[in-house]
Amino acid sequence: MLKSTLIRAAEAGAAVMQRYFQGEFKISNKEGINNLVTEADHASEKAIFEVIKEDYPDHYLLSEEAGEIKMDSNYKWIIDPIDGTVNFAHGLPICCVSIAVEQDGEMILGAVYNPFIKEFYFGQRGYGATLNDKKITVSNETSLAKSCLVTGFPYSYLDQPNGPLEVFSTLIRAGVPVRRLGSAAIDLCWVAAGRFDGFYEHKLQAWDSAAGFLIVEEAGGRVSDFADARYSPYQPHIIATNGKIHDELVDVVNGGKITQL
Ligand code: IPD
Ligand code: CA
Ligand code: CA
């Protein structure tokens, strides 16, 4: 039942995204420059809530636009009604709905759905990860120098040692391709599907990564914070890889240089 509610909730949010996409909608600004929220984010969130509340009215909800709906429950739904809002607002079809279910502090289910390219990613703790119901696995690349990576940048500049631009510069100067798609949930799923060998980002929120990190782990990948400790979506840093380049990427994110072949 949890799984079918999750799937229906992701589909409901995605249907709203499709309805608004490339049409007219109101756009407003949140904290930071170009940190947008559109009418469609709120409408998607509402549609997702309706599905979940119908089946589980007493579950805890944490969602980007509405914040926390605290309930005394072992289950928490972590929702990003549109991940990749800037892309969405510009008519770029790299955006999705991301929903995860946490039980007693452990992520057990995750769904990421991009209706524009018809990709539905799903992960269940202990049961693997799928793209449109077909099993997916991470890539086999063993060298960071030969990897294709993806990252994202926060809405407000992070002036800190080994900040996003320093790490990006180290990788680009070494000739490593690093893409920037604008949706952390899709970045993670594309690592899970073996399209990218690794992803890192300096400042994410729980709703950006909760579903995607489980999908990467269930596809055989490794996910950690910058200190290489067990990943928690309630802190900002993430490194998600195929496992084989993980140690090398952790080193570079912490200021290390790339070992050439
Ligand atoms: C953003 C995207 C982006 C990441 C930002 C997130 P939003 O989410 O995931 O890739 O770089 O940090 O805030 O605002 O589009 O839901
Ligand atoms: Ca997001
Ligand atoms: Ca969002």
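User: Which residues do ring pairs link into a cluster here?

Analyst: In this predicted model, ring pairs join Tyr20, Phe21, Phe25, Phe88 and Phe116 into a cluster. A search of the whole structure turns up nine aromatic pairs.

User: How do I describe one of those pairs?

Analyst: Two things describe a pair of aromatic rings: the distance of the centres and the angle of the planes.

User: What kind of aromatic pair do phenylalanine 21 and phenylalanine 88 form?

Analyst: That pair is tilted, with 5.7 Å centre to centre and 50° between the planes. Now look at where the two rings sit. Phenylalanine 21 is in the loop between H1 and E1, while phenylalanine 88 is in helix H3 (residues 85-89), so the pair ties together parts that are 67 residues apart in sequence.

User: Is phenylalanine 21 buried or exposed?

Analyst: Buried means under 20% relative accessible area. Phenylalanine 21 has 16% relative accessibility, so it counts as buried. Phenylalanine 88, at 1%, counts as buried too.

User: And where is glycine 23?

Analyst: Glycine 23 is in the loop between helix H1 (2-20) and strand E1 (27-29). Its relative accessible area is 41%, so glycine 23 is partly exposed. The C-alpha atoms of glycine 23 and alanine 89 are separated by 9.5 Å, although these residues are 66 residues apart along the chain.

User: Which residues coordinate the calcium ion (ligand 2)?

Analyst: Asp80 (OD), Asp83 (OD) and Asp208 (OD) coordinate the calcium ion (ligand 2), at 2.1 to 2.2 Å. These donor residues are spaced D-x2-D-x124-D in sequence. Aspartate 80 and aspartate 208 are both buried.

User: What about the nonpolar core: which members touch the most other members?

Analyst: The largest nonpolar core has 37 residues, and Ile78, Val112, Tyr121, Ile136, Phe199, Ile215 and Ile238 touch the most other members. At least two core residues come from each of strand E6 (96-103), strand E7 (106-114), strand E9 (128-131), helix H5 (184-192), helix H6 (206-218) and strand E15 (238-241). Domain 1 (2-135) and domain 2 (144-253) both give residues to this core, so it lies between them. Apart from this core there is another, of 34 residues, including Ala10, Ile52, Trp77 and Val97.

User: Could we zoom in on one core member?

Analyst: Let's take tyrosine 121. Leaving aside neighbours within four places in sequence, its contacts include Val112, Ile136, Cys189, Trp190, Arg195 and Ile215.

User: How many residues of H5 are buried?

Analyst: Nine of the nine residues of H5 are buried, so this helix is largely enclosed by the rest of the structure. Among them are Asp187, Cys189 and Trp190. Just after H5, glycine 194 takes a positive phi of about 85°.

User: Where does the charged end of arginine 195 sit?

Analyst: The charged end of arginine 195 sits over the ring of tryptophan 190, 4.9 Å from the ring's centre. Elsewhere, lysine 76 lies over the face of tyrosine 60, 5.0 Å from the ring centre.

Methods. Residues numbered from 1 in each chain as written. Chains lettered and ligands numbered in written order. Predicted model: local features only at pLDDT ≥ 70, side-chain atom pairs only at ≥ 80, totals over all residues. Heavy atoms only, no water. Core = buried A, V, L, I, M, F, W, Y, C linked by side-chain atoms within 4.5 Å. Buried < 20%, exposed > 50% of the residue type's maximum accessible area, 1.4 Å probe, protein only. Helix = DSSP H or I, 4+ residues; strand = E, 2+ residues; numbered from the N terminus. Domains from an automatic or database assignment. Contact = heavy atoms within 4.5 Å. Phe/Tyr/Trp six-rings, centres within 6.5 Å; stacked < 30°, edge-to-face > 60°. Lys NZ or Arg CZ within 6 Å of the ring centre and 35° of its normal. Donors = N, O, S within 2.8 Å, 3.2 Å for Na, K, Ca; no water.
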